[in-house]
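Hello,

Here is the structure for you to look over. My notes on it follow below.

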Amino acid sequence: MRLGAIVLACLLGLCLSACGGGRAGASTAAPASGASADQPVTGAASTFLDRYTTDGGRIQRTDQGGDTVSEGQAYGMLAAVAVGDRRRFDEIWSWTQKNLQQPDGLLAFHWAGGRIVDSQPASDADLDTARALLVAACRFGEPSLREDAVRIGHAVVAHESAKAGPIEILLPGPWANRDGKLAFNPSYVDPTTLQALAQASGDSRFEAVAEGGRRLVDQLTRPLPPDWASVNAASGQVVPVAAANATAGPGMFTYDAPRTLVRFAADPDPAGRAAVARAWDVFKETHPQDIVTEHQTNGTAVGDAHSAVTLVAVAAAAKAAGDTAAMTSLLAEAQQLNDQNPTYYGSAWVALGRLMLTTDRLQPCRR
């Protein structure tokens, strides 16, 4: 049964049309019974929370030494608000504020051994946190959370964006502006969150950053986006590069880039969805068990490693291209692969992929 056709259950009285929690967009299949149809979505989110959240609200990467990164806190907040778990949402946000949030509102990237070990922020975590707060403001009836989100958003624009020729782009962090070369990570751009921040704040700069991200992702996705790129600050010209600090290629589609497909497959603007739909041509004739993690951006497979995150990304490409049956099947394959060998990153994106691609549970509400 296609998840895009399912009418999602109104769990815990949280079926608020303005906040999400219903089914995804257009449907061509018959509705299914609510609770059983919703279980793969809520189950994946709850599994991530159960597996990686400590009692104090810290998301620990148990397969990476038990440390914590700001993206993990954001993933936990997104999962918790999506399933209406107010207690864990509050705990995770409280821990994040006390241990990671800096005076400017942005979040320190890396915490380990009881302290911050890297205070640089990462814009993907900052935007994901803002998104979780925007959704929670409506779902939990707490307007102050919207104010928290907008504060983070304004700090992102102030410290994690830059002008590149005629466009505004999202930087991965304040460190990324170096001698006329701007580091760019396509997977950090979330057009849905940027548009929601524009609506919540009335600040058009968020829309400009979203549009700049769309333009760069469209240029880079040929047919796969790279993990990293470099943008000429004077001209806006963008090229794939080998790593965050590199200025030359080749760019590769490995562990970061799959998130680009998910975020842009859920873009409210059809231009964003069209940019990543072309990635489906790389994978549509390949059996899911044969889809490997690493690829050149031209689609050539490299190595023999497999990742649940890659399968979620391919599901996103299928959705962007209009193949919802393939999307549903690929999400199930991703879930199965991660169940066999659970990882923090895989568990997070199995949950977020289901939430972003098949529901509107993480759709920020309007004021």
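**Helix packing, core and sheet**

Phe89, Trp93 and Gln97 of helix α3 meet Leu145, Asp148 and Ile152 of helix α5, where contact means heavy atoms within 4.5 Å. Helices (H or I, at least four residues) and strands (E, at least two) are DSSP runs, numbered from the N terminus.

This is a predicted model: local features need pLDDT of at least 70, side-chain atom pairs count only at pLDDT 80 or more, and totals for chains, interfaces and linings use all residues. Residues are numbered from 1 along each chain as its sequence is written, and side-chain values use heavy atoms, with hydrogens and water left out.

The axes of α3 (residues 86-99) and α5 (residues 143-159) come within 14 Å and cross at roughly 40° (lines fitted to C-alpha atoms over the stretch in contact; angles run from 0 to 180 degrees between N-to-C directions).

Phe89 also touches Met77, Ala80, Val81 and Ala132, among others. Along with Ile169 and Trp349, Phe89 touches the most other members of the largest nonpolar core, which has 108 residues. Such a core is a set of buried (under 20% relative accessible area, 1.4 Å probe, protein chains only) Ala, Val, Leu, Ile, Met, Phe, Trp, Tyr and Cys residues joined through side-chain atoms within 4.5 Å. Helix α11 (residues 308-320) contributes the most to this core, eleven residues.

Elsewhere, four strands form an open sheet in the order β6-β7-β8-β9, with antiparallel pairing (at least two DSSP bridges between two strands). β6 (177-178) and β9 (238-241) are at the edges with a single partner strand each, so one side of each has no neighbour in the sheet.

Regards

Definitions and conventions. Buried < 20%, exposed > 50% of the residue type's maximum accessible area, 1.4 Å probe, protein only. Lists of a residue's contacts leave out its neighbours within four places in sequence.
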